[in-house]
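Try each task before you read its solution.

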Amino acid sequence: MTCAQAFQLFRSCAATMSSRPSTNALHRQSRRAMAMGTRYYSGAKPESATEEAKEGEDKEENKHPEGPSSTPAENEWETKLKGKEEEVTDLKARLQYLQADFLNLQRNAAREKEQQKDFAISRFASDLLETVDVLALALKSVPSSALQSSASEDHPSNSSISSTTTESSGPSIPQKSARDHLVELHHGVEMTHRLLLSTLFKYQIKPFDPTGDVFDPNKMEALYQAPIPGKEPGTVIDCQKSGYMIKDRVLRAAQVGVAQEVQS
């Protein structure tokens, strides 16, 4: 080998060595590439991290599945629970109805008890009204003119009294006429009638005379009808027997005569 050839070989080797990067440079480039490969950006993640996240989500979904995926035992318990709720609602409604019925029963029983207390003497009072009517007829049978007596008729004259006194040795007893006895009897019957009515008033039994009122079939009993000029048809013109009320209930209807329409 000549010197020229050796020199040429040396130059080619030197050029080759200068074109290759150094070991340190290669090491630095590899570390830079690794650092850039593991860097995370705010907008995206590496594919390996995304896959790991997806796998984690799949595991969570498997642990807690979405949607109604209950077991048959749970369905059975839910059905029983609904049935018990419906039964409780039905029993509550029935209890409310029973409570309302019981309250109504209590009110009706209290009202009936009060009515029985107030109207217990209704039958006895009805029978007693006949006596009141008889006394009233007895008082009406004696006219007021018969009760008016003059002094001459009621008492004997002074001369007769003096003669009787002188003739008899005993004390003089004034003689009563028949008119005097009639007046006393009338007063006694009148007092009995008033006392009986006052006793009925204590038990809220009161008479009523509907003369002049419009005929009411609930409180009156029509005995006859008569055409009366000047009277409106249906007006009570006469009361044969007075009616009686016990509180707000009719104890006996009044027996009346009613005006009839006048035929032209």
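**Exercise 1.** In which helix do K80 and E76 both lie, and how many residues apart are they?

*Solution.* Before starting, note that this is a predicted model, where local features need pLDDT of at least 70, side-chain atom pairs count only at pLDDT 80 or more, and totals for chains, interfaces and linings use all residues. Residues are numbered from 1 along each chain as its sequence is written, and side-chain values use heavy atoms, with hydrogens and water left out.

Step 1: Find the helix. K80 and E76 both belong to helix α4, four residues apart, about one turn of the helix. Helices (H or I, at least four residues) and strands (E, at least two) are DSSP runs, numbered from the N terminus.

Step 2: Look at the side chains. Those of K80 and E76 meet in a salt bridge, 3.6 Å from N to O. The term stands for a side-chain nitrogen of Lys or Arg within 4 Å of a carboxyl oxygen of Asp or Glu. Side chains of opposite charge can pair when their charged atoms come close.

Step 3: Check the accessibility. K80 counts as partly exposed because its relative accessibility is 43%, and E76 is also partly exposed, at 45%. The cut-offs are under 20% relative accessible area for buried, over 50% for exposed, and in between for partly exposed (1.4 Å probe, protein chains only).

Step 4: See what else K80 does. Its charged end sits over the ring of W77, 5.2 Å from the ring centre. This label needs NZ of Lys or CZ of Arg within 6 Å of the ring centre and within 35 degrees of the ring normal.

**Exercise 2.** Find the residue whose side chain meets that of K84 in a salt bridge.

*Solution.* Step 1: The partner is E87, at 3.9 Å from N to O.

Step 1: K84 and E87 both lie in helix α4, three residues apart, about one turn of the helix.

Step 2: K84 is exposed because its relative accessibility is 53%, whereas E87, at 42%, is partly exposed.

**Exercise 3.** Describe the salt bridge between D133 and R252.

*Solution.* Step 1: The closest N and O atoms of D133 and R252 are 2.5 Å apart.

Step 1: D133 lies in helix α5 and R252 in strand β5 (residues 249-252), so the pair ties together parts that are 119 residues apart in sequence.

Step 2: Both D133 and R252 are buried.

**Exercise 4.** Is S122 buried or exposed, and what does S122 contact beyond its neighbours within four places in sequence?

*Solution.* Step 1: S122 lies in helix α5 (residues 122-141).

Step 1: S122 counts as buried because its relative accessibility is 15%.

Step 2: Apart from those neighbours, S122 is in contact with I246 and L251; contact means heavy atoms within 4.5 Å.

Step 3: Now compare L137, which is also found in helix α5. L137 counts as exposed, with 58% relative accessibility.
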